[in-house]
Structure formats: structure tokens, C-alpha cells
Amino acid sequence: MTHDLSEAIANNREPENNWREYFSFSTDHKVIGVQYMVMTFIFFLLGGLLAMIIRAELLTPEANLVDRPLYNGLFTMHGTIMIFLWIIPFNAGLSNYLVPLMIGARDMAFPLLNAISFWILPPAGLLLLSSFLLPNGTAQAGWWSYPPVSLQVPAGQLINGQFIWIVSLVLIGISSIMGAVNFVTTIFWMRSPGMTFFRMPVFVWSVFSAQLLQLINLPSLTGALILLLLDLSFGTQFFKPEGSGDPIIYQHLFWFYSHPAVYIMALPAFGIIAEVLPAFARNPLFGYRSVAIATLGIAGISIFVWVHHMFTSATPGWMRMTFMATSMLVAIPTGVKAFAWTATIWRSKLHLETPMLFAMGGAAMFIFGGVTGVMLAATPFDIHVNNTYFVVGHFHYIVFNTITMAIFAGIYFWFPKITGRMYAEGWGKLHFWLTFIPANITFFSMHPLGLQGMLRRISSYDPQYQGWNVIASLGSFLLGASTLPFIANIVGSWLYGAKAVDNPWHATGLEWTTSSPPPRDNFEEIPIVKRPPYDYGDPKYSFVENSDDDE
Amino acid sequence: MQHRTIHLDESPIRFDRWRRRLPNWLQRFLPSGGGSHEDHHGKGMFGFSVFLLSESIIFLSFIFTYVALRLNTSNWLPPGVSGPELSKLVIINTVVLLSSSFVIQPAENALKRNQLRKFRRLWLITIAMGIYFLIGLLIEWKNLDFKLTTGLVGSTFYLLTGFHGLHVLAGVVLQIIMLIRSFIPGNYHKTHFGASATTLFWHFVDVVWVFLFSLLYLWRA
Ligand code: HEM
Ligand SMILES: [Cu+2]
């Protein structure tokens, strides 16, 4: 204890962050990052709660727990919250915290804009939730809100669930675009001397690629939502078949964003995996340059594959063929990544701390989800299982089993840096196993269900499907329970955990060269970088001087 | 006191090599690879250009909607509607808007050379031209024989001109703010980034109008 104190004084560390700071309009990228992460985690819990109500309804074939409109509202809000208020903004938060540290900058390029981007989100999220209180409830047309279904709202109400859904999504979109401008500029302009593109950690490459997608593709969703709003409330007929409008145009605009959006969610997760695996395998990331280029490549290809979500939307044959081909192309850069991960941990001595467990678990699950993705991209197969639980299983292997697990890996990995304290390893491992096993129980079950023909978005089903449904539901309740040890660990360790040293993992990123937590300006002096990012195992670069930090 | 040097090897600092191969004008928008933190103007202009890239995608999504709907609709003009006319009003409006780009650019250049009076004079002319365009747009809307809700022609026409009009309005507001700022002593530096960004935005609005004008008025079915 006294040792810690004298060390803190000797290192001239700032006093611990005051908790009030996290409720204030701060322009420090680290505070904003934490604000994002904590807020989105609350939305994650809410979205999870909705999911458990959905799974409770599906325990029995009959619709007996919630009525049909409420059920529709539940899955609509579940999807919307998980995508737009959990994964995407969580990544924005983690990136906010890490990118300036990783590239050796004192802050983001536009700190004020950064704070504004964040503070748009809480009101937008609350607005979205407030629609539960409306007489006709929330939006019911699913997270994609296809017209004409999304336009079927009781007449004579200007303020309805769908209207509120659109307005909050536009707000969230504005926040994301401002964030994307900030990230891209930061990575271009704020790198410290010597931090060339090919010395940037893969996480930074991932953020850069994902944010480019936000810039280029998100406006298409915003455009679609503006048109939908005009149709819904102001009597235009862009998407109304009865007025010779065309609902398919909405699908194009929507998926032009929402397919790349899966990579906006996934790339930072892959980036986390690429940081954690080398650190715990004590090996340089295999094929660093190829991985960096593959990251950009995945982003590039993902712009040209959106029609694979529309194979059953009266899409002409030539388009189906073209987009089937482009979708299959994604397998190449993705394969590069998966290969690099495997080669990194190949024959190395693994240190299986919690971040590593989550990262390896996530990487393994991605292989499974990727395979079902390629299956779905094959048009004939997709036509068979489209709109069934097979699709639900596919994307949950990705969005939960891969991305959310990688996010947990990231939280544990950078927890000491962010809080200056260590989390409890035993609780972390418990959390991992309580997540990994139920997640597979829950989402694996959806594949056979889909192959047998069970449709998604229904609250009652044929009794033949009950077996797998019960398994999925029980799995999901366990999964819900698994967040309890996580919360206990995080809150407890943040308050009472052992003090963390600056670089507990002996990792090589710039963020580990400053104190934990970092001072307001990140670095005492702006570091000058003259080495590649993952030089684990190379004695020339080892962190010998820092070894007195630990134990 | 903990000194945090990064472990050095012998190799010299390599800046990204590709950068040197870029033309001059592009380099203006790119950092020199470290140490550029203090270049607020360059950083700001880069960020703003990136933002405009996003804006252009929204316009593109609207244009895509317009073209797709128009190609697939047989009765584009409902009975009794003659569609947007290429009237004298529209032509003059277009000429005024497009030529304002050639006024605002010298204004910005003047500011760079610290010629404040010249800047204000030309800037004021640009503002007047922008307002002229907006009033012209309102008059055109008033005289049209269709409304927002009149079939697809109405929906798309008001969408495109309205969204563009909002941008013109935003541009004019920005210009007015910059003009006021130029009277605040010691504020020259801030004004300069703002003025450059406003100028870029104004060019953007003009270029978009070229496309919209061709699609809305010159495309005869
Ligand atoms: C990398 C991360 C990935 C994520 C986050 C992801 C996510 C999703 C999501 C959310 C959906 C459902 C959309 C909806 O209908 O509501 C979906 C469907 C689909 N995914 Fe993926 N996916 C990923 C990878 C892939 C890959 C690699 C492929 C193919 C090469 C693929 C092909 C498809 C196809 C074809 C569908 C549409 C299925 C249908 O509606 O019939 N996905 N994915
Ligand atoms: Cu897709």
C-alpha cells in the first residue's frame, strides 16, 4: 500500500479520476470513451432483457406471454438497441479511448466535436425507449423497418412508434458520422513522429477501415430514413407501391449501409483479437502487413455485396449472380485474418488469462459464423433458409459469439489501463465459461430450427419445433445470468481491485508506455516511434527496463 | 520520474513513402507524418472535406432514388401537371448560384493575403447571391402546378430542391457568421479556417446543383 503510494508520487501520477467527471461534458477522449462504454453497456443489458422476454415467449408453441404487437415491438427494439446502441457505439467508445493512445496523440483531432457526438446518444436512446409508453407502442417492423410494413401505422397520429424510431436513428447516425470524421482525421493527422501507417497496430487499422465505412455508407441509411419519414408523416410516396413508389429502393439504400455495418461492428472486434492474441502468445502477429491490408480489403469489398440480403426480393438473376460472387470474395481477406490468428498462436506457449480466453473463443466462433455466412451467400441455399432461424443463428454467431466476446476480451485486456486496477482473474474465467457454453447452446440450436423451416419474427410456432426452442431459451437465460459475475467483477475491481502496473501484460503497444490510467495529456512527451508494432519475442525490443514494474 | 522513451532501433524515421508521389494540391490535405498536430487549418480542412464526402452520399442516395423511380414509372407526370419548367427564373437562378463560386474564391484568397476590406466586399456579394437564389427557389415553388404530395414527380422534386435549398441556406448562414467574425479584432485566425471551410462548402453546393439541374430540368422524357 505505502509502496503504491510512493510509487504514484514518484511517477508524478495525476490523482485518480473523480467519478463526477464521467457525468460531465468532458472533451478528454478517455473520459468520453468511458462514457460511451458504460452507457452502451447499460443498453446491452436492456437489449438482453428484451431478448429474454422473447425467448420466454418462445418456450411454448402458443403465443401466451405477450401479445402480437408487443412481441413485434420487442424484437424490433432488441435488434435496434443491440446494433445501434450497443455494438457500434461501444466500438466508438473503445476506439475513442485507445486510438489517440495507440498512435501517440494527446487527444482526438476535434475534442469538442467528440464530446458532442457522445452527448447526442443518451437523448436519442431515451427517445427510442420512450416509444414503449405510446398508446400503440414502439415500432414493429423489425430493425430493418422495410416498407410497406413500416408505413402501416394507425392513421391520424403524427407521433407514433415508427416515427420515433426513425428520428432516433437519424440522431444516432448524425452522431456516428461526426465520430467518423473525427476518427479518420485523427488517424491521418495526429500520429506521432515515426508512426507510419505500417507501424500502426491492427486495432487502429480496423478502426480506420470501419470508420471509413461509416463515412461512405452510413449516409445512405440516413437518406433512406429521411425518405421513410416523409412517406410516413408527410404524404410523399417514394416507397408506397399504391402510389407507384418502390419499396425495393428502400432495401437497396438500407443494405448499402447495413451490410457494411456488419463490418463496422466486426472489424474493431477483429482488431481486439489481433491485439490480444500476440500479447498472450508472446509472438509477433503473423503477417502483420497482410492483416493490415486485409482489413482495408474487407472494408472495400463489403461495399459491393449488399444485394445478398435481397436475393428473395424479386432480384433479377444477373444481380443475384454478381452479388453472390462478390460476397464469396470476402472469404479471401477474411481467410488471411483467420490464418494469421492461427499462425500467431501456433506452437506458442499460451497464457490463458481471461482476455485470451475471450479472444480465442471469439476467433473460433467466427470461423463457424463465417462458414454459415458463405453458405447464405450461395443464392440457392439462401432462398431455402431466408427469413428462417438459420439466418438468426448465423448472425448471432457473429454479433454475439464473435463480436461481443471480443468486446469482453477488450474490456478485460485494457481494464488495468483504463481504471488503474486489476480485475479478479477467477471471476473473469467464470464469466468466460458462463458465456461461452450457453452462447453456443443458444445460437447453435437456431441452425437446425432454420433448416427445418421455422420462420423468424413469429411468436407462435408449430409444436414440432419446440425441442430446439426450449434448448435455445434455456441457454439464453443462462447467458443472461452470465453478465452478473461480469458486473460484480468490473464494479468490485474498479473500486477495490489491486493497483495495476503500467504494463501488466508486457504488451508492446504505445498505450502501455504511459501510466495506468494515463494522465490528461496521455504522454509526458510525445513518443517517437521507430519500431514495428508487434515485436514480441524479439530480444532487441523486449521491455526489460519495465520489468521492475511488475510483481 | 519515469522516463518513457520508446525502444529505438537504428533505422531512420520513415515517413509514408507514397505521400511524396502525390500532387501538390493533394498534399495540402494530408499530414506530413508526425508533428502536424498544431496545423489546425490543415486538420480542419481535412476533416471538413471528409464530412463533405458523407454529405455527397446522402445526395447520391436521393439522386439514385429519383433516377430509379423515374426510369420505372410510366406516368411520371400526373394529368394536368407539366412538370418543372426550365423557365427564365430557373436559368437566372442557376447562373447566379454558379457564378457566386467565382466571387467567393477571390474573397477567400483576399483573406489569406490579409486584405480584410476586399474580403468583406466580395463576401457580402456572395451572401447576396445566395439569398437571391433562395428567394428565386421559393418563387419557383409557389408557381409550380404540383405539390409535395402530387405523385412521384412532386415527392422527388421537392425533396431534391428542398434538400439542396437547405444546404444553400446553411451556406448563407455560415457566410454571415464569418462576416461578423471578421469584425472581431484578433479573431482573424479562426475566421480564416471558417472562411476556407465555408468556401469549400459553397463550391460543393454549386457542384451538386449542376447535377440536380441537369437531372430535374434537362432530362426530358
Ligand atoms: C463478419 C461479420 C458478419 C456479421 C456481423 C454478419 C451479420 C449478419 C446479420 C446481422 C444478418 C441478418 C440481417 C437481417 O436479415 O436482419 C446477416 C445475414 C446474412 N449474412 Fe452475415 N454477417 C457477417 C458475415 C457474413 C459473411 C462473411 C457472409 C458471406 C460471405 C455473410 C452473408 C450473409 C447473408 C447472405 C445474409 C442474409 C441471409 C438472409 O437474409 O437470407 N455474412 N449477417
Ligand atoms: Cu451482408
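Student: How do the residues lining the second largest pocket divide into nonpolar, polar and charged?

Tutor: Sort by residue type: Ala, Val, Leu, Ile, Met, Phe, Trp, Tyr, Cys and Pro count as nonpolar, Asp, Glu, Lys and Arg as charged, and the others, Gly among them, as polar. Here the lining has 24 nonpolar, eleven polar and six charged residues. This is a predicted model: local features need pLDDT of at least 70, side-chain atom pairs count only at pLDDT 80 or more, and totals for chains, interfaces and linings use all residues; side-chain values use heavy atoms, without hydrogens and water. Residues are numbered from 1 along each chain as its sequence is written, while chains are lettered from A and ligands numbered from 1 in the order written.

Student: What volume does the second largest pocket have?

Tutor: A pocket is an open set of points on a 1 Å grid over the protein atoms alone, where a 1.4 Å probe fits, with protein on both sides within 12 Å along at least five of seven lines; lining residues have an atom within 4 Å of a point. Points are joined across faces, edges and corners, and the volume is the space filled by probe spheres set on them. Here the volume is about 1400 Å³. Of 41 lining residues, F110(A), L113(A), G44(B), F48(B) and F193(B) are closest to the centre.

Student: Which element gives the largest share of that lining?

Tutor: Helices are DSSP runs (H or I, at least four residues), numbered from the N terminus. The largest share, ten residues, comes from α2(B). Chain A also takes part, with α4, α5 and α6 each giving two or more residues.

Student: Where in chain B is confidence lowest, and where highest?

Tutor: Helix α1 (residues 24-27) of chain B is lowest, at a mean of 58, and helix α4 (residues 116-143) of chain B is highest, at 96. Chain B as a whole averages 85. The model scores ipTM 0.91 and pTM 0.90.

Student: Which residues coordinate the copper ion (ligand 2)?

Tutor: Look for donors: N, O and S atoms within 2.8 Å of the metal (3.2 Å for Na, K and Ca); water is not among the atoms, so sites may look incomplete. Here they are H259(A) (ND1), H308(A) (NE2) and H309(A) (NE2), at 1.9 to 2.0 Å. H259(A) sits in helix α7 of chain A, and H308(A) in the loop between α8 and α9 of chain A, 49 residues apart. The iron atom of ligand 1 lies 4.6 Å from the copper ion.

Student: Is H259(A) buried or exposed?

Tutor: Check relative accessible area (buried under 20%, exposed over 50%, partly exposed in between; 1.4 Å probe, protein chains only). H259(A) is buried, at 5%. H308(A) is buried too, at 16%.

How values were computed
pLDDT is the predictor's confidence in each residue, from 0 to 100.
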